[in-house]
Amino acid sequence: MIISMKPLCLAEVKELAGDLSEKPELRDYLKEFCQIDKKKSASLAEAIRNLNNPKIKEEYLVKIVDLLPRDGESISKIFNDVSLDEKEINEVLTVVKEY
């Protein structure tokens with residue numbers, strides 16, 4: 001039974017997965033795509049939340065943390081059902097560039 005659903009960034013998945021020696025596919029995936037550790041990912045997520053932008057839902061926030069987009073086009077691809085204006089994109093980029 002599923003009690004609740006919450007999007008997790010890859011750093012959180014890495015921590016929750018435990019011993020990855022028995023899960024080589026997951027280990028390889030996380031090694032390839034998990035770019036920052038849990039502490040930095042939590043800090044980045046909090047910084048993005050502090051933008052207080054109602055368009056940035058939790059699932060978008062997790063993708064931003066996982067992908068660390070470096071340009072406006074990459075951010076626009078994450079937001080598939082809403083669009084951010086140029087100012088909002090630049091705010092997110094400014095925060096992400098610190099990581």
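Analyst: A cavity is a set of grid points where a 1.4 Å probe fits but cannot get out, and a lining residue has an atom within 4 Å of such a point. The model is predicted.

Start with helix H3. It runs over residues 38-49, which makes 12 residues. From first C-alpha to last it reaches 16 Å, close to the 16 Å expected at 1.5 Å a residue. At the start of H3, a side-chain oxygen of Asp37 comes to within 3.3 Å of the backbone nitrogen of Lys39.

Which residues of H3 are buried? They are Ser41, Leu44, Ala45 and Ile48. Their arc around the axis is only 100°, which puts them on the same side of H3. An α-helix has 3.6 residues a turn, so residues three or four places apart point the same way. The buried residues of H3 pack against helix H1 (10-17), helix H4 (58-67) and helix H6 (86-97).

Now the cavity. The count is one cavity of 30 Å³ or more. The largest cavity has a volume of about 40 Å³. Ser41 is one of its lining residues, as are Leu10, Ala11, Phe33, Cys34, Gln35, Ile36, Val65 and Asp66. H1 and H4 each supply at least two residues of that lining.

The largest pocket is next, with a volume of about 150 Å³. It is lined by 14 residues, and Cys9, Glu12, Ala42, Ala45 and Arg49 are the closest to its centre. H3 gives the most to this lining, with five residues. H3 and H4 each supply at least two.

Key:
Residues are numbered from 1 along each chain as its sequence is written. This is a predicted model: local features need pLDDT of at least 70, side-chain atom pairs count only at pLDDT 80 or more; totals for chains, interfaces and linings use all residues. Side-chain values use heavy atoms; hydrogens and water are left out. Helices (H or I, at least four residues) and strands (E, at least two) are DSSP runs, numbered from the N terminus. The expected span of a helix is 1.5 Å times one less than its number of residues. Buried means under 20% relative accessible area, exposed over 50%, partly exposed in between (1.4 Å probe, protein chains only). The arc is that of the directions from the helix axis to the C-beta atoms. Contact means heavy atoms within 4.5 Å. A polar contact is a pair of N or O atoms within 3.5 Å; within protein, one must be able to donate a hydrogen and the other to accept it, and residues adjacent in sequence count only if both atoms are side-chain atoms. On a 1 Å grid over the protein atoms alone, a cavity is a set of points where a 1.4 Å probe fits but cannot get out, and a pocket is an open set with protein on both sides within 12 Å along at least five of seven lines; lining residues have an atom within 4 Å of a point. Grid points are joined across faces, edges and corners, and a volume is the space filled by probe spheres set on the points.
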